[in-house]
Amino acid sequence: MSTPETGSVLLVNPNTNRATTEMMRALAARSFLGSGLGVDGVTAAAGPSMLLDPAALKESERHVRDAALRALDDADRRYLAVIVAAIGDPGRSRLDEELDLPVVGIGQAAIRAAGRAGRRFGMATSTPQLVDSLTALVAEHGMSEGFTGVRLTESEPLVLAADPERQFAELAAAVDRCTEADDADAVIIAGGPLSETARRIAEARTCEIVEPIPSAAGLVLQELHLVEA
């Protein structure tokens with residue numbers, strides 16, 4: 001017997017790729033099964049199709065805010081929380097200050113999940129220009145002590161986006177460097193558009209892979225007191 005919906009979560013994709021929005025929305029929906037929560041996805045109206053550098057991350061903050069506020073103004077839906085679905089959490093802090101409901105970033109949630117109980121954790125990603133931004137986000141959440149650093153794919157992110165098998169192989173190799181060279185106990189696959197590959201790597205590796213979208217769903221459930229923290 002299915003659980004009736006009691007409300008919805010709004011997932012905001014800070015890049016303009018609608019297929020990525022639906023992929024992340026569907027993954028979040030699976031994470032909420034049995035909770036009574038539905039998930040709607042909304043895509044930023046402007047900006048790049050993928051956030052590759054600090055300038056794009058910064059610019060996307062206003063687009064995230066605009067997309068979230070427009071969706072929240074829709075009186076036909078009862079939103080209980082917002083997920084900002086880019087690993088750098090653009091616009092999350094401002095929305096969190098402005099809104100009277102939980103605003104969770106997938107970077108925030110993944111970092112909290114990976115670094116719990118003081119364990120060592122690293123990140124594997126395909127965006128070299130965002131390394132400093134990701135490192136700063138770890139510091140913002142007080143997790144620098146256990147952070148082992150960011151390991152990168154060999155190919156550029158747009159190349160990997162067009163070749164899922166190559167993306168899987170290179171991210172898996174980056175995960176192995178996190179665990180073998182850096183002695184990380186957990187590894188975040190750092191990127192919303194990498195979510196499908198993150199799931200595949202989690203199924204193929206024995207180390208703990210922290211998937212940002214399910215991590216964000218878990219943090220939303222905690223914030224709404226639907227599970228224990």
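How are α1 and α8 oriented to each other? In this predicted model, local features require a pLDDT of at least 70 and side-chain atom pairs a pLDDT of 80 or more, whereas totals for chains, interfaces and linings use all residues. Residues are numbered from 1 along each chain as its sequence is written, and side-chain values rest on heavy atoms, with hydrogens and water left out.

The axes of helix α1 (residues 18-31) and helix α8 (residues 195-204) come within 9 Å and cross at roughly 45°. Axes are lines fitted to C-alpha atoms, for helices over the stretch in contact, and angles run from 0 to 180 degrees between N-to-C directions. Helices (H or I, at least four residues) and strands (E, at least two) are DSSP runs, numbered from the N terminus. α1 and α8 are therefore oblique to each other, given that angles under 35 degrees count as roughly parallel, over 145 as roughly antiparallel, 65 to 115 as roughly perpendicular and the rest as oblique. M23, M24 and L27 in α1 meet S195, E196 and R199 in α8, contact meaning heavy atoms within 4.5 Å.

Four strands form an open parallel sheet in the order β6-β5-β7-β8, pairing being assigned where DSSP finds at least two bridges between two strands. At the edges, β6 (147-152) and β8 (208-210) each pair on one side only. Neighbouring strands of this sheet are turned by 25° against each other on average, direction ignored. Strands β5 (residues 121-125) and β7 (residues 186-189) are joined in the parallel sense over four bridges, and F121 has A186 in β7 as its bridge partner. Helix α5 (residues 131-140) packs on the sheet, touching β5 and β6, and its direction makes about 155° with that of β6.
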